[in-house]
Amino acid sequence: MVTLYVGGHKVGTLADAEKLVPEFLARKQKVEVRDEAGNSIGMFTPTPPRDPDEPLIPWEPDVTREELERRKAEPGLTIDEVRKQLGWS
């Protein structure tokens, strides 16, 4: 059974994750996921809020949220189309 740990203490099982993980992350606590043998298999780590002055894309600092939404709405390419553009097909 997969179990959840916070601060080294068992707090629940994977079945409880949907309820427990958001609660502990809201309290800025890491949630460790362990297998039956007690080995760590993953971790949920709270992240600090994003600095509003930090660019959305560090390598393209002038991009706006509206521009990102426009780009997401554009049609994408299939892997075969990308391979053809790269000359790999």
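Four bridges join strand S3 to strand S4, residues 40–44, and the two run antiparallel. Helices and strands here are DSSP runs, H or I of at least four residues for helices and E of at least two for strands, numbered from the N terminus. Two strands pair if DSSP finds at least two bridges between them.

Before going on, a word on the model. This is a predicted model, with local features needing pLDDT of at least 70 and side-chain atom pairs counting only at pLDDT 80 or more, while totals for chains, interfaces and linings use all residues. Residues are numbered from 1 along each chain as its sequence is written, and side-chain values use heavy atoms, with hydrogens and water left out.

Back to S3 and S4. The bridge partner of Arg34 in S4 is Ser40. The hairpin of S3 and S4 has five residues between the strands, and in it Gly38 takes a positive phi near 90 degrees.

Now the other side of S3. Strand S1, residues 3–6, pairs with S3 in the antiparallel sense over three bridges. Here Tyr5 stands opposite Glu32 in S3. S1 is also joined to S2 by four bridges, and these two run antiparallel. At one place Thr3 stands opposite Thr13 in S2, and at another Val6 has His9 in S2 as its bridge partner. The hairpin of S1 and S2 has two residues between the strands, and Gly7 takes a positive phi near 60 degrees there.

So much for the pairs. What is the order of the four strands in the open sheet? The order is S2-S1-S3-S4, with antiparallel pairing. Strand S2, residues 9–13, and S4 are the edge strands, each pairing on one side only. On average, neighbouring strands of this sheet are turned by 30 degrees against each other, direction ignored. Axes are lines fitted to C-alpha atoms, for helices over the stretch in contact, and angles run from 0 to 180 degrees between N-to-C directions.

Helix H1, residues 17–26, lies across S1, S2, S3 and S4, and runs at about 140 degrees to S2. Contact means heavy atoms within 4.5 Å.

Next, the side chains on S3. In a regular strand the side chains alternate between the two faces of the sheet. In S3, residues 31–34, Val31 and Val33 point one way, Glu32 and Arg34 point the other way, and all are buried. Buried means under 20% relative accessible area, exposed means over 50%, and partly exposed is in between, with a 1.4 Å probe and protein chains only.

Glu32 and Arg34, then, are both buried, and their side chains meet in a salt bridge at 3.1 Å, N to O. A salt bridge is a side-chain nitrogen of Lys or Arg within 4 Å of a carboxyl oxygen of Asp or Glu. Arg34 also lies over the face of Tyr5, at 3.9 Å from the ring centre. The rule for a charge over a ring is that NZ of Lys or CZ of Arg is within 6 Å of the ring centre and within 35 degrees of the ring normal.

Not counting residues up to four places away in sequence, Thr3 touches Lys10, Gly12, Thr13, Glu32, Val33 and Arg34.

How many salt bridges does a search of the whole structure find? The search finds seven. One of them is between the side chains of Glu23 and Arg27, at 3.7 Å, N to O. Glu23 counts as partly exposed, at 32% relative accessibility.

Another salt bridge has the side chains of Arg71 and Glu60 meeting at 2.6 Å, N to O. Arg71 lies in helix H2, residues 65–73, and Glu60 in the loop between S4 and H2, so this pair ties together parts that are eleven residues apart in sequence. Arg71 is partly exposed at 32% relative accessibility, and Glu60 is partly exposed with a relative accessible area of 30%. A network of salt bridges links Glu60, Glu67, Arg70, Arg71 and Glu74.

Last, helix H3, residues 79–85, which holds Val82. Val82 counts as partly exposed, at 31% relative accessibility. From Val82 to Arg65 there are 17 residues in sequence and 26 Å in space, C-alpha to C-alpha.
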